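Reader: I have a model open on my screen and would like to go through a few parts of it with you. Could you take my questions as they come?

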Amino acid sequence: MRFSTSLLAGAGLLSAAYAIPVASSGWGEWEGQGNGAGGGYGPGSSQPSSTPAPPPAGPPAPLKSGNPFSFPLSNGFPNLSPGALNATAIQAHGTEPNGGAPTGLAADDLTSVRFIAFNELFEVAFFTDLLFNITNNVAGFTIDDHNTRQLVINAITAIQAQEELHADNANKILVANGQAPIQACQYKFPSASLDDAIAFAKTFTDVTLGTLQDVQLHLANNNDDGVVPVIGSVIGQEGEQNGFFRLFGGLIPSELPFLTRSTREFAFSVLNQAVVVPGTCPNENLIDLPIFLPLTVNTSPIQPKDQTLSFSVPVDKSSPPSGLSLVYINSQNVPIVEKIQNAQVADGVATFDAFFPYSENLLNGLTIAALTSSAGPFTSAEDVAKVTIAGPGLIEIL
């Protein structure tokens, strides 16, 4: 499979690395956790051209766009009728598990399922918007080569439907356990071109893959083994689609021998900071997870070498407190702790530097950065999340 050069040249996707800042302006306090969501990104879509291309064969995809993006879709999602569910399954190339939802889940694992539903609803919104933009030849989302265009449309059509089934299945597990389903928010997407959108999809899928590892650990600790195979199957599916995103960007399909670990707290925070429109989530309060202060990675692009990186975080104090550290999480290795350097506060924003030890640790793929109130030592991403003040800063190399 080979993509046309025009797909690979835009937005710096052929460069060795890039960093994803999760917010640019602030809320909350320097110490402790915020309780709101960041924002400030531009629209992820625009008006279609006057000559839209024909949709792919098979059941029609529920095309929709918007700024902000909101549900429901034309097929009724998030509330799918039996007929709409069947059409979505055809589009997704398979069905939801039909053996009955696991019940009797621990409260902590219900938190995990709520987060999964929250995340999958966002992913449905993102891929629905992206599919609309590609199919309708929106400026910035056109693909010149016919065969390449159809391949991308077919892939995103399947992915969009698969995410619908992921979200529907998570909410069905909640209902089977006597819990209210998680309702959708409104969303804005930080990408205005196809290349940017696929790069963004690669990054949030990396975070999802790391977070589902965390979900499996919680399930194992709570002896809720019935959900583990389903989560494992979704990890594999998300990995398959991320190989497609990586190949689109001129990278090898497989990122690391052992993918980077994330946590529910980091993933929940970055969704609220980067894509959720504040105040639009009807029952987000049911998800018992914190929202950290946003940590922006100012250095970009980041090359695969040892270097000092610049970060920033919104603050309410005139000087940074002592005892802070910058922690990097990569692969399945012990988190790396670095000292804060050159900390300064001006106009409600604190900036600081920290060394990025690439060579010694081969910090390829996704690296999660977190500003913490402790220098550890840390044995896991969970340990880091417990003392995180701001994060995650998302760094992608190779």
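Predicted model: local features only at pLDDT ≥ 70, side-chain atom pairs only at ≥ 80, totals over all residues.

Reader: How many bridges join β6 to β7?

Author: There are 4 bridges between β6 and β7, the latter covering residues 349-356, and the two strands run antiparallel. As one example of the pairing, glutamine 341 has aspartate 353 in β7 as its bridge partner.

Reader: Changing topic, is asparagine 169 buried or exposed?

Author: Asparagine 169, which lies in helix α4 (residues 146-176), has a relative accessible area of 14%, and because buried means under 20%, this residue counts as buried.

Reader: What does asparagine 169 touch, leaving aside residues up to four places away in sequence?

Author: On that basis, asparagine 169 touches Glu96, Pro97 and Val230.

Reader: Now for the helices: at what angle do α3 and α7 cross?

Author: The axes of α3 (residues 107-135) and α7 (residues 264-274) cross at roughly 35° and come within 11 Å, and the crossing is left-handed.

Reader: Which residues make that contact?

Author: From α3 they include Phe115, Phe118 and Phe122, while α7 contributes residues including Phe268 and Leu271. By class, the contact has 6 nonpolar, 4 polar and 2 charged residues.

Notes. Residues numbered from 1 in each chain as written. Heavy atoms only, no water. Pairing = 2+ DSSP bridges. Buried < 20%, exposed > 50% of the residue type's maximum accessible area, 1.4 Å probe, protein only. Contact = heavy atoms within 4.5 Å. Axes fitted to C-alpha atoms, helices over the stretch in contact; angles between N-to-C directions. Left-handed = near helix turned anticlockwise from the far one by under 90°. Nonpolar A, V, L, I, M, F, W, Y, C, P; charged D, E, K, R; others polar.
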